Amino acid sequence: MKKTLLATLLLAAFAAHAATPTFDPQRLSQHVKVLSSDAFEGREPHTAGETKTVDYLVEQFKAAGAQPGGDIADGKRGWTQEVPLGRFQIQGPVALSVQAGKDKLAWTQGEQMAVRASMNGKPLVDFKNAPLVFAGYGVTAPERKWDDFKGQDLKGKLAIVLINDPDFETGAGEFGGKAMTYYGRWTYKYEEMARRGALGTIIVHETAPASYGWATVKNSNTNVMYDIVRKDPAKSHAPMEAWIQRDAAADLFKRAGLDFEAAKKQAQSRDFKPVPLAGVTLSARYAVDAQVIKSRNVVALIPGSERADETIIYSGHWDHLGVGAPDAKGDKIYNGAVDNGTGMAALIELARAYAQGPAPKRSVVFLAVTAEEKGLLGSEYYAANPVYPLEKTVGVINLDALSPHGPSRNFTISGSAKLDLLDLLVAKARQRNQAYAADPKPEAGYFFRSDHFSFAKRGVPALSFGSGEDWVAGGTAAGKAEEESYTKDRYHQPADEWNAKWPFTGMASDLELLYGLGRDLADSRDWPNWGKDSEFRVLREASASKR
Ligand SMILES: [Zn+2]
């Protein structure tokens, strides 16, 4: 960003300083209490819990003074955007067998491989003796002059690829060293192989570069799958999408006369060429049941007074995991108080602050999306079918799982990314004596695991705010201890419940900061961008002429 842009925005910030609203911790607590109560049944999309949640959000946005900002019906905007979702489930057994020379190996779903229900729109996956090709990290990155395919045709073939990006192990190179770029995410690998018309993608699981163990891979991939409803699903999904355990993969390499570790080393260089696994093939057969379910995003709006067609979006997901397996106490309701009752409370109260203040020059949108827990689908649907054009969306500030505790001396964002939006937030926080703490584990790819990413990958500047761990009362020791106990004992468990002792004063304070950032953007004419070497900058610049 040019110095002048920052200076202009900071000046605007000083001018507006007197008008910074305050946020009521009691109101925040009350929203979280209601949304995470047992009556809301864990807020799973397409259940009675969804109806209650959407009704509550609409009623609260209305009471806060916002306007409906969703789909237009009969010439009038409503409060929601319809989100049709595809639900895919494997029916019956998954037959998997390897032919290697004279040996035939029968494999078991969830053991050697974890195969997802296919989402390409076909009810049956059935192929025999498909050739396997090792395609390195499965990356085509023209801006980094990197191409793992070198013209290799993948039609009718299964691509075996490595997780994370080529410089994860070496720690230095074209892909940001240890930190993960989008090329390292499994979603990218699936998308890239679909673009290349492969029969399938088989990702080799290794715990360090994946950042989670095989159990996570197995549980999430052998479960029910969801996707947005696509016009041409085969363009986004190859017939087979799967993971393979590292040792099972190494065995296949060995049977093809290759050494897995040596092949991996080669894949870490630009000169790598795809390697066929000679004499080894895979056969598979499984049926898939596909249904379409309906869910909704809730969209509230504060219209801009001067440039209403330009928007700032505050987003967060309303959904959680619903009713599921009981915990040790027999509790089956996954209440989702922190994840993401807190984000919803923040959206409602931000809307109130904007409604009570002077009208912003640009429009401000409060987007409560569905199906984040099913793979960022509500935000993906919005970004693929935007109610307000993406090229005129100035920036997205996502709020997911905020701290209900006391104030912190710092804040963070999910993942490591370089963008003007973050520079502005850092500068604004500094005025409040709040420091920016970078994501301590950027290699885990958190940047790609929150709803702001659905916007980022289309070039819209977007970040996901995270509460800080350096607490005013108790310092980092207290903040870290709480974070660890949340991750271990409550995250994605029935115990993520509202607590009467939570003060919500930290969130109230952080909302002043986040209001300030959005307000500056809303009252300015600037278009913040991505950093120079960001893979999203090209996309943003491609739509610059439309502003
Ligand atoms: Zn979650």
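# A walk through the predicted model

The buried residues of helix α7, which spans residues 246–255, are A248, A249, A250, L252 and F253. An α-helix has 3.6 residues a turn, so residues three or four places apart point the same way. Keep that in mind as you look along α7. After the helix comes G257, with a positive phi near 80°. All of this is read from a predicted model.

Two other residues also have a positive phi, and neither is a glycine. Start with H46, where phi is about 65° although the residue is not a glycine. H46 sits in the loop between α2 (25–35) and α3 (48–64). Its relative accessible area is 44%, so H46 is partly exposed. Now turn to F504. Its phi is positive too, at about 60°, and F504 is not a glycine either. This residue lies in the loop between α13 and α14. Is F504 buried or exposed? Its relative accessibility is 0%, so F504 counts as buried.

Next comes the metal site. Which protein atoms are the donors of the zinc ion? They are D339 (OD), E373 (OE), E373 (OE) and H492 (NE2). What arrangement do the four donor atoms make? The angles they subtend run from 56 to 148°, so the arrangement is irregular. A tetrahedral label would need all angles to lie between 85 and 135 degrees.

E373 and H492 link distant parts of the chain, 119 residues apart. E373 is in the loop between β18 (362–369) and α10 (377–384). H492 is in the loop between α13 (475–489) and α14 (505–523). That is the loop between α13 and α14 that also holds F504. H492 has a relative accessibility of 25%, so this residue counts as partly exposed.

The peptide bond from D339 to N340 is cis, with omega near 5°. N340 lies in helix α9, which covers residues 337–356.

Now look at charge pairs. Side chains of opposite charge can pair when their charged atoms come close. How many salt bridges does a search of the whole structure find? The search finds 34 salt bridges. Three of them can be followed here, along with one network.

Take R285 and D126. They form a salt bridge, and their closest N and O atoms are 2.9 Å apart. R285 lies in strand β14 (residues 275–302) and D126 in strand β7 (residues 124–134), so the pair ties together parts that are 159 residues apart in sequence. R285 counts as partly exposed because its relative accessibility is 45%. D126, at 36%, also counts as partly exposed.

E469 and K480 form another salt bridge, with closest N and O atoms 3.2 Å apart. Here the two residues are 11 residues apart. E469 is in the loop between β22 (462–467) and α13, whereas K480 is in helix α13 itself. E469 has a relative accessibility of 25%, so E469 counts as partly exposed. K480 is partly exposed as well, with a relative accessible area of 42%.

D489 forms a salt bridge with K488, and the closest N and O atoms are 3.2 Å apart. D489 is partly exposed at 36% relative accessibility. K488 reaches 61%, so K488 counts as exposed. Elsewhere, salt bridges that share partners join E169, E206, R246, D247, E261 and K264 into one network. R246 brings us back to α7, the helix of residues 246–255.

Strand β22 holds S467. S467 is buried because its relative accessible area is 18%, and the cut-off for buried is under 20%. The C-alpha atoms of S467 and G330 are separated by 31 Å. Along the chain these two residues are 137 residues apart.

Finish with empty space. Rolling a probe the size of a water molecule over the atoms shows where empty space is left. The second largest pocket has a volume of about 340 Å³. Its lining has 18 residues. Which of them lie nearest its centre? They are R144, T181, S416, A417 and E535. The lining divides into eight nonpolar, five polar and five charged residues.

Notes:
Residues numbered from 1 in each chain as written. Predicted model: local features only at pLDDT ≥ 70, side-chain atom pairs only at ≥ 80, totals over all residues. Heavy atoms only, no water. 1 Å grid on protein atoms, 1.4 Å probe; cavity = no way out; pocket = protein on both sides within 12 Å on 5 of 7 lines; lining within 4 Å. Points joined across faces, edges and corners; volume = space filled by probe spheres on them. Nonpolar A, V, L, I, M, F, W, Y, C, P; charged D, E, K, R; others polar. Donors = N, O, S within 2.8 Å, 3.2 Å for Na, K, Ca; no water. Tetrahedral: all angles 85-135°; square planar, octahedral: opposite > 155°, others 65-115°. Helix = DSSP H or I, 4+ residues; strand = E, 2+ residues; numbered from the N terminus. Buried < 20%, exposed > 50% of the residue type's maximum accessible area, 1.4 Å probe, protein only. Salt bridge = Lys/Arg side-chain N within 4 Å of Asp/Glu carboxyl O.
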